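Trainee: I am new to this structure and would like a close look at one part of it. Could you walk me slowly through a set of charged side chains and how they pair up?

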Amino acid sequence: MDLEEIAARLGVPVEEVERVHRLAGDRPSAPLPAKSDVPEMLERLAVRPDDAAEIMAGWPDPDSPLWTPELRWLLDRSIALVRADLGGHGWLPPGPELDRDRGPAWRHLYVYAYLALVDVAMGYHREHGVAADVSWATLADLGRNLAIDRRMDREGWPVMQSWLTLHARGGLYQLGRLQHHRGDSAISLHIPDAGPLTPEAVTASLDEARAFFPRHFPDEHYTTFACGSWLLDPQLLEYLPEDSNIVRFQRRFELEPYEAPEGLDPDVEVLRFVFRSLTTPLDRLPRDTVLRRAVVDHLEAGRHWQWRRGTFPI
Ligand SMILES: CC(C)(COP(=O)(O)OP(=O)(O)OC[C@H]1O[C@@H](n2cnc3c(N)ncnc32)[C@H](O)[C@@H]1OP(=O)(O)O)[C@@H](O)C(=O)NCCC(=O)NCCS
């Protein structure tokens, strides 16, 4: 099968298949875990029973009719593509977006790739002396993302499939409340959807990172914490009380001058994180928290949200 045929069968642009071919080349893939070990692994990865059942139902057994040659090619080369960048921390789509309604193999192809990479990531963590509980807490973002994607009627996955390659490459670590993402001179902070963002939990997580990176990545020299987020939009101060967690988080940062981000619509991102829906009309969104009322009122007034970047010294 040539690349054009693979692309046609997958229903994706040929350039995206060429990209996979170019980045993965004939580099080594990684085997999937033994099927009998997978239920326990999924539990450790915080995958909920309904998602776990789907993943098991679509398992790429060697004789599974769900797994056509082009899907097997993509799974194998996607694993190789991500593995080839082990230790990297840039944004890395693992392959083309697939039509996930075509069946369980299509729906969870990049989940199977992630499962194959768990062992690879754990090996990388071990080489850096990272404790197993940090590894599992980090990798368990898989289950959280699958659950959110389900809440989002599967609208969330296109971003998540790329996001999760950071975890699989050892590019990001969950230390307490926050995820810490390696970079050049800044550690980027990400805030998982995991309950309130109390100042105490944030401070504890920052303290953990201050000890973690010099110990486990002694060759990397970080001078700042950074964050790019809707949470740093100063317009939120018009709506949220001074003692709200978001306001107190924002106050830690010095904001960079505003530049509209490329390839990202901040209004859509706010809908993603505040309503977990990208397509519900504004007048049908729930107004049950002060933030939700603020988001809708702001957009209804014809205003826009901002995706802001800020930093503070380590
Ligand atoms: C970041 C986050 C944990 C902050 O939540 P928090 O600690 O409750 O924040 P605050 O104390 O500032 O909340 C102030 C108000 O806004 C509400 N609120 C905050 N975040 C909300 C959210 N994502 N959706 C709906 N309401 C939210 C709170 O319920 C509270 O309203 P209330 O007083 O009417 O109950 C939360 O927004 C969240 O889980 N977001 C998803 C992940 C995310 O956005 N990550 C950053 C990606 S760039």
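Mentor: Happy to, and let's start with aspartate 50, which is partly exposed at a relative accessible area of 32% (buried is under 20%, exposed over 50% and partly exposed in between, using a 1.4 Å probe and protein chains only). Before going further, keep in mind that this is a predicted model, in which local features need pLDDT of at least 70 and side-chain atom pairs count only at pLDDT 80 or more, while totals for chains, interfaces and linings use all residues. Residues are numbered from 1 along each chain as its sequence is written, and side-chain values use heavy atoms, with hydrogens and water left out.

Now for the partners. The side chain of aspartate 50 meets that of arginine 48 in a salt bridge, with N and O 2.9 Å apart (the rule asks for a side-chain nitrogen of Lys or Arg within 4 Å of a carboxyl oxygen of Asp or Glu). Arginine 48 is partly exposed as well, with a relative accessible area of 38%.

Aspartate 50 also forms a salt bridge with arginine 150, and here the closest N and O atoms are 3.4 Å apart. This pair links distant parts of the chain: aspartate 50 sits in helix H4 (residues 49-57), arginine 150 sits in helix H8 (residues 141-151), and 100 residues separate them. Helices here are DSSP runs of H or I with at least four residues, numbered from the N terminus.

Stay with arginine 150 for a moment, since there is another partner to meet. Arginine 150 counts as partly exposed, at 23% relative accessibility. Its salt bridge with aspartate 51 has its closest N and O atoms 2.8 Å apart. Once again distant parts of the chain are linked, with aspartate 51 in helix H4 and arginine 150 in helix H8, 99 residues apart. What about the cover over aspartate 51: is this residue buried or exposed? Aspartate 51 counts as buried, because its relative accessibility is 0%.

Let's step back to the wider picture. Arg48, Asp50, Asp51 and Arg150 belong to a network of salt bridges that also takes in Glu54, Asp101, Arg107 and Arg154. For the model, the count comes to 24 salt bridges by this rule.

Key: Helices (H or I, at least four residues) and strands (E, at least two) are DSSP runs, numbered from the N terminus.
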